[in-house]
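Please consult the sequence and structure shown here.

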Amino acid sequence: HASRRLTQSTTQSTTTTRQKMASSSCTTMSAARTLTPFSRLRAQRRSSVKKATPLRLGVRGRTTTLVTQTRATSTESEVPSTMQTPPTNVDWEALDSQFQDDTVVQIMDKALELFGDGLAIAFSGAEDVALIQYAKLTGRPFRVFSLDTGRLNPETYQLFDDVEKHFDIKIEFTFPDEDAVTKLVNEKGMFSFYEDGHKECCGVRKVQPLRKKLKTLNAWVTGQRKDQSPGTRMAVPAVQVDPVFEGAAGGAGSLVKFNPLTNATSQEVWDFLRVMGTPVNKLHEMGYVSIGCAPCTRPVLPGQQEREGRWWWEDSAMKECGLHSGNLTAEQQAKQDEREATEEDIFNEVTAVDHAAIDALRVEPTHSKTTLAVLYAPWCPFCQAMVAGYEEAAASFAAKGVDVVKFRADGDEKEWSKENLELKSFPTVLLFPEGRGGFVKLGSERRDPDSLNIFVESIVGKL
């Protein structure tokens, strides 16, 4: 939506510009945005490493000054001694509502107008490079920062360099605390996140440095989109008071967060990057979509959601919900026993089957009817999260002659289910197809109605 409006007005000038370019580091813009030669800017940088160099831009009849940040010599980026005073008495919810009809560049322009150098763009080294391209198009001064976790891919570091040269900016890099990283690695090794989850490592290498950086700002810009990970990012406003982090003033409400790409699709973002000739991460050519640290990122397959390539090993480990009780401490085991003692139930619109019924299905030589079953535990948050979708699928399948049932497989049924029904995590979905014996286990974590329908029809044929 956003990129199509913008690219229609920029494609003609961009095409002419790219034909005239001798190299990607020597950039020109349309007549409305004539820039001082960048070669002079680089020469000024070389003569004074710490000096911030002003670059004059003429945009829509006004002249602004772009201060190109120089890289700090310390492990933290230098912070301007003064920043533009943040706005007060802004109705952010009303502004977010207004942004729903605005283009990405309009949202970015408003963000920079409101906060100036008190705002910075968070750049991860992936397709969020589009944010920098949009900021450039506003003609306003802007800042960019990035988190160097120490575990990024070589291609990501190369992109940082390419972006700095292409846009003639200096990215403000921030780094994790040396003592915290040393303690983590010495105590737990280089790859502890494969054993006990990514949150601890991310906390040290990403969250703490980010928190420190944001406390020097009044607002920040991220590349979050609603279509990146349905279920976790569907409620991404274009602007909001940051609910997690604090800004320079400190305290709740001291930081504003802009998500200009929230309503854009991946296709729209990539169309924009292509027509603008923006440098991108070479990993994208290798099947990577969502890009993070090297050990925690892999390519995704066609049809997978973007972020399924991140922390993929936790797709099952995080959903085991206490199955490996042998690894629990006595205190953890007591809490688990308490959870499993609950009498509350879920999937209330689905037929429940007992041990005898599910065992009969398991040993039946030839099923007379197709049956879809979920092995669940009512206390498991991942089971709770799929209730609405599974009940919707049950109603749809009922009209097609497919039985949909539930079997509570925790407590006394857990060990038997692990041995006989291939239970490894909650929830587990099994299909008992008509005309044959045994069952087929759903192999992915995609349990929405459409995915369940694809799963069933791929085994039994079109319903």
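This is a predicted model: local features need pLDDT of at least 70, side-chain atom pairs count only at pLDDT 80 or more; totals for chains, interfaces and linings use all residues.

Q: What is the average pLDDT of the protein chain?
A: The average is 79, and 72% of the residues score at least 70. Over residues 1-78 the pLDDT is below 50, and this stretch has 126 contacts in the model beyond near neighbours in sequence.

Q: Why is Pro279 called buried?
A: Buried means under 20% relative accessible area, exposed over 50%, and partly exposed in between, with a 1.4 Å probe and protein chains only. Pro279 has a relative accessible area of 15%, and therefore counts as buried. Pro279 lies in the loop between helix H10 (266-276) and helix H11 (314-317); helices are DSSP runs of H or I with at least four residues, numbered from the N terminus. Leaving aside neighbours within four places in sequence, Pro279 is in contact with Val129, Leu159, Asp162, Val163 and His166.

Q: How far apart are Pro279 and Val163 in sequence and in space?
A: They are 116 residues apart in sequence and 6.5 Å apart in space, C-alpha to C-alpha.

Q: Why is Met190 called partly exposed?
A: The relative accessibility of Met190 is 42%, so Met190 counts as partly exposed. Met190 lies in the loop between helix H7 (178-188) and helix H8 (193-196).

Q: How do you know that the buried residues of H7 are on the same side?
A: The buried residues of H7 are Ala180, Val181, Leu184 and Val185. They cover an arc of only 120° around the axis, and therefore lie on the same side of H7; the arc is that of the directions from the helix axis to the C-beta atoms. Helix H9 (199-214) is included in what covers these buried residues.

Q: Which exposed residues does the opposite face of H7 carry?
A: The face turned away from the buried side of H7 carries Glu178, Asp179, Asn186 and Glu187.

Key: Residues are numbered from 1 along each chain as its sequence is written. Side-chain values use heavy atoms; hydrogens and water are left out. Helices (H or I, at least four residues) and strands (E, at least two) are DSSP runs, numbered from the N terminus. pLDDT is the predictor's confidence in each residue, from 0 to 100. Contact means heavy atoms within 4.5 Å.
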